[in-house]
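Let's work through a few exercises together. Take a look at the sequence and the model first, then follow each solution step by step.

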Amino acid sequence: MASRHPFLRVNAILDCGPRRLILDRPLVMGIVNVTADSFSDGGRFLDPSSAIAQGERLAREGADLVDVGGESTRPGAVPVALEEELARVIPVVKALAAKGIAVSVDTMKPEVMRAAAEAGCAMLNDVNGFLAPGALEAAAASGAAICAMHMQGTPATMQAEPRYGDVVCEVRDFLAGRARELESAGVRRERIVLDPGFGFGKNFAHNVALVKGLGAIAALGYPVLAGLSRKRMIGEITGRAVEERTAGSVAAALVAVQNGAAIVRVHDVLPTVDALKVWAALR
Ligand code: HH2
């Protein structure tokens, strides 16, 4: 059955180097934070063997991609040194890729991007939109899929007082510009994914406007990734603590997909996969 997703008119394949992901249904990206301080799973998977086991578990639960990050980007997070980030992330990427799992690497550092590509990652995911010097070149050379996210400010300061005129237009225009820069640097459009960056320099009203406006971003013609899982917005709506936000996060993932997201980035893979199957069958 043909999908009515807006991005499929332009691009039904996500090129991840030697591997291709077919975007004929919403994809699920599972999260493994190899960090001490991530807002929802900080410290749980800091040891490489526990991170690898968690990545395998998420893949068994139906994750199409497993996103491995070695540096928290929660508001106020402390930056991690290059050597430390490499030591956290690369062994996990190698082990998961060797098992045939499509691994995404969540990093802002071009050196980590290059090492991750060498280790066999399928996607580079940069919350900083590949703005660091050398990031565009590392993205182009990797051959992997490239997810460019919008953030206003830096993780240290971004939630202080985010401001926009029209948040959807500004985020859309920024992402269109990053896609142009990536393509000029040699990243073919079949490799590009765009992400509005929920919670990254956005207050509650901005996040709501962006969920409702996902269609305008998807209309750029690139697959859109939405990361709402367990974020503060879900807590603000439900009144739940971080570890009690699964149902709220699943609901948010469904709305994001309904509004045009092609990929959802989630902590709770199994319930999201089941919910998306039901959504696909009943819509
Ligand atoms: N959100 C987080 C981290 N990386 N990448 C993309 N593309 N989109 C997102 O929305 C996104 C992201 C924050 O979530 P998490 O990884 O769970 O927390 P932390 O940054 O504290 O490790």
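Buried means under 20% relative accessible area, exposed means over 50%, and partly exposed lies in between (1.4 Å probe, protein chains only). This is a predicted model, where local features need pLDDT of at least 70, side-chain atom pairs count only at pLDDT 80 or more, and totals for chains, interfaces and linings use all residues. Residues are numbered from 1 along each chain as its sequence is written, and side-chain values use heavy atoms, with hydrogens and water left out.

**Exercise 1.** Classify Arg57 and Glu61 as buried, partly exposed or exposed.

*Solution.*
- Step 1: Arg57 has a relative accessible area of 36%, so Arg57 is partly exposed.
- Step 2: Glu61 has 18%, so Glu61 is buried.
- Step 3: Their side chains meet in a salt bridge (2.9 Å, N to O); the rule asks for a side-chain nitrogen of Lys or Arg within 4 Å of a carboxyl oxygen of Asp or Glu.

**Exercise 2.** Find which parts of the chain the salt bridge of Arg25 and Asp64 ties together.

*Solution.*
- Step 1: The two side chains meet at 2.6 Å, N to O.
- Step 2: Arg25 lies in the loop between β2 (19–22) and β3 (27–33), and Asp64 in the loop between α1 (48–60) and β4 (65–69), so the pair ties together parts 39 residues apart in sequence. Helices (H or I, at least four residues) and strands (E, at least two) are DSSP runs, numbered from the N terminus.
- Step 3: Arg25, at 41% relative accessibility, counts as partly exposed, while Asp64, at 16%, counts as buried.
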